[in-house]
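Q: I have a chain open on my screen and would like to go through it with you. Can we take it piece by piece?

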Amino acid sequence: MPLSDYGALDALGLADLVRRREVSAAELLDAAIASAAQVNDRLNAIVRPLHDEARRAIAAGLPDGPFAGVPFLLKDLDADCAGTPMSSGSRFLVGYRSTHDATIVARCRRAGLVIFGKTNTPEFGLTPYTEPALFGPTRNPWDPTRTPGGSSGGAAAAVAAGIVPMAHASDGGGSIRIPASCCGLFGLKPSRGRTPVGPDSSQVWNGMAIGHAVTRTVRDSAALLDATAGPESTARDFAPPPARPFLDEVGVPPGRLRVAFTKRPHLGLAAPHADCVAAAEDAARLVSSLGHDVEERDLDFDPEALARDFFLVVCVALATRVAQATDASGRKPRRPELQTSTRITAEIGRQRSAMQLAAAHERLDAVARGVARFFERFDVLLSPTLGQAPPAIGALHPRGLEAFAHEVLLALRLGVLLRLPGVVDSSVRRVFSFIPFTPLANVTGAPSMTVPLFWNAAGLPIGTMFTARLGEEATLLRLGAQLEAARPWAHRRPPIHADAALPPSLPIQRGLSARAPTEAAPYEIAGETPQRPASRA
């Protein structure tokens with residue numbers, strides 16, 4: 001089928017063509033592979049092609065699920081796919097091969113999805129940008145000099161560029177919503193316990209992380225949630241059961257919602273960029289025009305304390321993850337096998353005591369209780385998704401003397417100095433100034449979505465975030481569909497897109513790039529992205 005036809009439909013639309021036998025699953029797979037061939041060498045979104053596995057799945061016969069025959073991509077993290085490598089973005093795990101499917105992967109297969117590749121992710125999903133040393137950086141289709149966000153950056157770049165209409169993603173501090181915002185997509189983080197994390201885990205990141213997807217349309221997100229949601233006997237957390245299928249909520253009037261609007265960062269004190277504030281203010285006006293009650297109201301907690309406690313929990317979780325990988329491999333990682341940011345974060349985690357961790361959890365639980373009381377008065381919290389527009393590749397890394405100091409601390413085994421105030425503060429603050437809003441929903445377990453309603457003067461998408469009370473995905477899907485109808489976005493195309501005409505300076509390179517696992521991807525970007533006035537979707 002022509003790439004323009006393939007790229008014009010969402011996942012449910014493609015599945016309908018297969019169901020009516022207007023196109024076959026094999027033809028859709030060929031279209032997806034051809035789309036990847038058009039753009040992946042310039043984006044580095046897909047790092048592990050699984051074409052033969054996909055063709056074998058089609059030949060064996062696909063389940064008659066809601067997405068039967070639709071091509072799909074898995075994030076190369078927390079998504080075991082039997083018989084395939086899963087590196088988690090780390091050189092240390094290059095040799096790891098999954099022996100079974102994760103529960104969420106098995107449910108995706110049961111829905112009829114055809115898995116044909118894995119997408120790039122930062123090492124162990126740690127950072128909100130996707131620049132692992134293992135595979136090299138993933139680039140944003142709206143401007144390849146900028147990040148698509150993280151940690152599901154490869155997934156978001158692939159969807160935005162038209163390789164697939166939706167892709168698996170996961171969110172432990174914003175990792176669905178951050179890249180969805182950077183790439184002009186819809187991104188829903190479900191309630192804690194809504195989708196499975198087994199069979200090998202009962203919680204991921206102490207319950208803060210959960211899997212779902214980035215999508216072009218609201219209805220795809222809802223339908224995929226129907227296919228993957230549900231209790232798992234080994235889980236620690238269980239989300240309240242929905243009143244009816246999530247797809248049935250799409251198009252249902254949301255009623256008159258009580259919406260609190262805030263521009264105050266949840267983590268740290270850095271004020272969000274004017275573009276992010278403008279996007280949220282524009283969304284607040286749109287929501288008000290749709291008949292909802294919008295009131296500017298900030299949450300009542302200390303954002304600096306929340307940032308410290310969230311970072312402590314992440315450090316301990318990462319240290320545990322590295323220790324588990326070490327035990328599984330039977331050896332310690334060599335210095336080049338872990339990136340500096342990973343080694344420092346894990347070292348901080350190892351130095352924290354059980355009492356420090358327990359105290360941090362108590363304080364985070366207190367914040368969650370306060371947020372729950374806040375939602376007794378409001379149905380939805382509206383805020384910017386991010387604190388900045390998508391940064392340039394490398395902009396969030398430690399630089400100069402700061403990076404040198406980190407390397408010296410590790411090389412001389414002076415990890416004790418990491419306990420001193422200020423040693424890593426600038427790096428942490430730089431990252432949290434980019435993501436000052438998203439982690440709160442991971443702490444509370446609430447569902448949260450980013451919606452692409454605004455593009456800035458540079459032509460970059462700027463998302464707006466909507467968060468509801470625990471278990472209320474239905475409220476978000478109703479509101480998301482209402483916003484999608486009022487200001488559609490799925491038709492918008494970035495400069496790098498599979499069905500776009502390519503300039504002579506960027507010729508098509510036939511065949512999907514499959515670089516060696518230890519080789520960082522080289523890039524040469526010709527030309528500059530043209531500047532455009534700020535616009536709404």
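Q: Let's start with N44: buried or exposed?
A: This is a predicted model, and in it N44 is buried, because its relative accessible area is 3%. N44 sits in the loop between α3 and β1 (46-49).

Q: Which residues does the cis peptide bond with omega about 5° join?
A: That bond joins G198 and P199, and P199 is placed in the loop between β5 and β6 (210-215). A cis peptide bond also runs from G150 to S151, with omega near 10°, and S151 lies in the loop between β3 (114-119) and α6 (153-160).

Q: Stepping back, how many helices and strands are there in the chain?
A: The chain has 17 helices and 12 strands, and buried residues make up 60% of its 537 residues. Taking the contacts between residues at least 6 apart in sequence, 81% join residues at least 24 apart.

Q: What about confidence, where is it lowest?
A: Among the elements of the chain, helix α14 (residues 400-411) has the lowest confidence, with a mean pLDDT of 51, whereas strand β5 (residues 186-189) has the highest, at 99. The chain as a whole averages a pLDDT of 90, and 88% of the residues score at least 70.

Q: Over which residues does pLDDT stay under 50?
A: It stays under 50 over residues 414-418, for which the model has 14 contacts beyond four places in sequence. Where pLDDT is low, the predicted coordinates should not be read in detail.

Q: Changing topic, at what angle do helix α2 and helix α8 cross?
A: The axes of helix α2 (residues 11-19) and helix α8 (residues 218-228) cross at roughly 70° and come within 8 Å, which means that α2 is roughly perpendicular to α8. A11, L12 and G13 of α2 make the contact with R219, D220 and A223 of α8. By type, the residues of this contact are 3 nonpolar, 1 polar and 2 charged.

Q: And how do α8 and α17 cross?
A: The axes of α8 and helix α17 (residues 473-486) come within 9 Å and cross at roughly 155°, so α8 is roughly antiparallel to α17. On the α8 side the contact is made by V218, A222 and L225, and on the α17 side by E473, L477, G480, A481 and E484. Those residues divide into 5 nonpolar, 1 polar and 2 charged.

Q: Which residues touch the most other members in the largest nonpolar core?
A: They are F67, F116, I163, V164 and V214, in a core of 61 residues. Helix α3 (residues 25-43) gives the most to this core, with 9 residues. Another core, of 47 residues, lies apart from it, and L306, V367, F378 and F432 are among its members. In soluble globular proteins, nonpolar side chains tend to be buried together.

Q: Where is D379, and what does it touch?
A: D379 is in the loop between α13 (354-374) and β9 (380-384), and it counts as buried because its relative accessibility is 13%. Not counting residues up to four places away in sequence, D379 touches R256, L257, R258, T467, A468 and R469.

How values were computed:
Residues are numbered from 1 along each chain as its sequence is written. This is a predicted model: local features need pLDDT of at least 70, side-chain atom pairs count only at pLDDT 80 or more; totals for chains, interfaces and linings use all residues. Side-chain values use heavy atoms; hydrogens and water are left out. pLDDT is the predictor's confidence in each residue, from 0 to 100. Helices (H or I, at least four residues) and strands (E, at least two) are DSSP runs, numbered from the N terminus. Contact means heavy atoms within 4.5 Å. Axes are lines fitted to C-alpha atoms, for helices over the stretch in contact, and angles run from 0 to 180 degrees between N-to-C directions. Angles under 35 degrees count as roughly parallel, over 145 as roughly antiparallel, 65 to 115 as roughly perpendicular and the rest as oblique. Ala, Val, Leu, Ile, Met, Phe, Trp, Tyr, Cys and Pro count as nonpolar, Asp, Glu, Lys and Arg as charged, and the others, Gly among them, as polar. Buried means under 20% relative accessible area, exposed over 50%, partly exposed in between (1.4 Å probe, protein chains only). A nonpolar core is a set of buried Ala, Val, Leu, Ile, Met, Phe, Trp, Tyr and Cys residues joined through side-chain atoms within 4.5 Å.
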